[in-house]
Amino acid sequence: MKILDLNKPVAELIKEYPEVKDIMIELGFKAISQNLESMGQIVTIPKGSKIKNIPLDKIIKKFEDEGFEVINNEKSDINKQKANNPSERVELLKSYIKRLSNGEPLENIQEEFKDNFRHVSAKEIAKAEQTLIGEGFDLNEVQRLCDVHAALFHDMTDAERMEMLETEMELGKQEANSMLGEDEDSEGASKAAEYMKIKGHPINVLVLENNKINLLVNEIEEDLNNGKSALNIRKKLKILKNITKHYGKKDELIFPLLKDEYNFPGPSDVMWGVEDEILDTLSGIIHETEGKEEDIKKLLKRIKEMVYKEENILFPLCAEYFKKEEWIEIARDFDVYGPCLIDEIPKWDEVSENIKYTTVNDDKINLPGGVISLKQLRAVLNLLPVEITIIDENDINRFFDEGEKLFERPHIALNRKVYACHPKKVEPVVRGLIEDFKSGKRDSMYVLGSKKHQKVLINYYALRDEEDNYLGTMEAVLPLEKIIDTLNNDNKDSIKH
């Protein structure tokens with residue numbers, strides 16, 4: 001007797017019984033039957049029946065007429081219905097978390113999860129996880145459930161992973177057209193796929209980095225499988241530590257926007273916690289590598305799972321909600337973190353040079369780095385542990401910070417030439433330094449000296465604008481002994497506490 005299990009993907013059924021392919025084509029499933037490496041891997045017959053709007057009863061009867069016994073596990077059917085019903089999906093996930101908390105092996109949950117949630121969109125699972133967090137479920141348990149989801153795909157190659165993502169997008173479109181009209185998951189996935197192809201778009205950059213991460217992870221796995229010791233791959237593990245830059249882009253540029261602006265704290269709370277664990281584990285292994293082969297394999301698996309979470313959960317979610325101007329701001333800030341395993345961060349045509357001009361409105365000073373009030377600026381200048389003098393481009397004293405100083409700075413010296421404040425024997429040195437600053441010959445100079453029996457470091461800096469035009473000179477006097485005494489006193493107080 002030939003057994004046709006409706007819970008199995010079409011590709012698996014055709015592998016068991018090659019004649020299934022011809023029957024599927026005859027029934028109208030030509031696309032699915034001919035794309036076994038993609039659609040066929042995730043589409044079951046019931047799922048295909050909904051997509052193609054072919055009655056399931058008709059399909060079952062056709063296979064029975066061809067000599068198949070069509071079966072379906074009743075419990076599995078019930079849970080699968082729950083998994084595909086948003087109102088019951090969270091309850092099913094809750095049951096998994098409770099079972100994990102009660103000590104049931106992770107492998108058991110994985111098998112059931114795979115059976116019930118393989119065809120549920122990744123974003124929907126992310127939303128369900130977020131609901132669980134909102135209801136007070138332990139974050140660590142929700143993270144474990146997130147790992148269960150990602151673990152289903154960790155054995156895929158990069159090509160299979162991307163093909164799976166594209167297939168999910170295509171299925172979402174077909175479902176939207178045939179069943180729901182407009183589907184938000186399809187919109188997010190489609191936009192993410194589009195952004196992946198735009199050179200320099202944040203999603204494009206992150207996917208390029210993910211590809212390099214996966215390549216390096218695969219190399220390390222191959223080294224271990226070929227018998228290399230952990231010590232022999234320590235150098236590659238150090239290179240892998242570059243994922244800190246990749247995670248930083250997500251953690252500090254994407255997660256806050258997703259959480260605060262669009263009220264999706266789930267990815268931030270869950271993924272960020274897992275990333276911290278990955279980085280802590282990686283640092284520990286690099287510090288003490290010998291005999292850590294099995295730990296490294298587990299770590300590499302988690303890193304690959306994180307790649308899946310990003311490309312199937314995080315990116316479609318962001319693509320659906322983030323505005324173009326927000327993507328531009330994110331792309332502009334990517335350079336702050338630097339490239340992760342790629343030679344350089346490609347530039348997006350939409351990102352113009354970040355030239356922002358300074359303006360003053362009321363008591364607010366708008367600078368490229370943000371906004372500061374006049375009161376705040378005064379407080380900052382007086383709080384800095386240096387004595388500041390600024391002269392303008394015409395060598396006129398324009399500013400002294402307030403308060404007690406090692407080097408006297410009388411207010412009467414303001415608005416006068418800087419040379420009048422120095423002895424004649426020093427004046428040529430001052431003129432020479434300023435001329436070097438104006439010509440671009442140098443940008444700074446440092447002098448170690450003493451004043452009032454205290455060691456001081458005197459710093460001179462050329463002030464320039466965005467076009468490298470000379471604006472003036474700043475002198476910053478750093479009283480070394482005062483700073484050392486302050487640090488020593490702070491350390492003593494810390495030891496006491």
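Which residue in β5 stands opposite Ile365? The residue opposite Ile365 is Ile372 in β5. This pair belongs to one of the sheets described below.

## Basis of the model

The structure is a predicted model, in which local features need pLDDT of at least 70 and side-chain atom pairs count only at pLDDT 80 or more, while totals for chains, interfaces and linings use all residues. Residues are numbered from 1 along each chain as its sequence is written, and side-chain values use heavy atoms, with hydrogens and water left out.

## The chain as a whole

The protein chain holds 22 helices and 10 strands. Helices (H or I, at least four residues) and strands (E, at least two) are DSSP runs, numbered from the N terminus. Of its 497 residues, 44% count as buried; buried means under 20% relative accessible area, exposed means over 50%, and partly exposed lies in between, with a 1.4 Å probe and protein chains only.

The chain exposes about 26800 Å², of which carbon and sulfur atoms supply 50%. Accessible areas come from the Shrake-Rupley method with a 1.4 Å probe, and for residues only the protein chains shown count as cover. Among contacts (heavy atoms within 4.5 Å) with a separation of 6 or more, residues 24 or more positions apart account for 63%.

## The sheet of three strands

Strands β3, β4 and β5 form an open sheet in the order β3-β4-β5, with antiparallel pairing. At its edges are β3 (359-361) and β5 (370-373), each of which pairs on one side only. From one strand to the next, the twist averages 25°. Two strands pair if DSSP finds at least two bridges between them; β4 (residues 364-367) and β5 are joined by 4 bridges and run antiparallel. Ile365 and Ile372 stand opposite each other in this pairing.

Helix α20 (residues 374-383) lies across β4 and β5 and runs at about 85° to β5. For such angles, axes are lines fitted to C-alpha atoms, for helices over the stretch in contact, and the angles run from 0 to 180 degrees between N-to-C directions.

## The sheet of five strands

A further open sheet has 5 strands in the order β7-β6-β10-β9-β8, and the pairing is antiparallel. Strands β7 and β8 (444-451) stand at the edges with a single partner strand each, so one side of each has no neighbour in the sheet. The twist averages 20° from one strand to the next. Strands of a sheet pair through backbone hydrogen bonds, either parallel or antiparallel.

Strands β8 and β9 pair in the antiparallel sense over 8 bridges. Leu448 has Leu457 in β9 as its bridge partner, and Ser450 stands opposite Lys455 in β9. The two strands form a hairpin with 2 residues between them, and Lys452 in the turn has a positive phi of about 55°. Strand β9 (residues 454-464) is also joined to β10 (residues 470-479) by 9 bridges, again in an antiparallel arrangement. Here Leu463 stands opposite Gly472 in β10, and Val456 stands opposite Pro479 in β10. The hairpin of β9 and β10 has 5 residues between the strands, and Asp468 takes a positive phi near 70°.

## The surroundings of Ala413

Ala413 lies in the loop between β7 (397-400) and α21 (427-439). Ala413 is buried, because its relative accessible area is 7%. Leaving aside neighbours within four places in sequence, the residues in contact with Ala413 are Asn397, Phe400 and Cys421. The C-alpha atoms of Ala413 and Ile396 are separated by 9.3 Å, and these residues are 17 residues apart along the chain.

## Glu320 and the cysteines

Glu320 lies in helix α18 (residues 293-321). Glu320 counts as buried because its relative accessibility is 11%. The side chains of Glu320 and Tyr321 are joined by a polar contact of 3.4 Å. A polar contact is a pair of N or O atoms within 3.5 Å; within protein, one must be able to donate a hydrogen and the other to accept it, and residues adjacent in sequence count only if both atoms are side-chain atoms.

Cys318 counts as buried, at 1% relative accessibility, and Cys340 counts as buried at 0%. A disulfide is a covalent bond between the sulfur atoms of two cysteines. Here a disulfide is taken as a pair of cysteine sulfur atoms within 2.5 Å, and by this rule the count comes to 0 disulfides.
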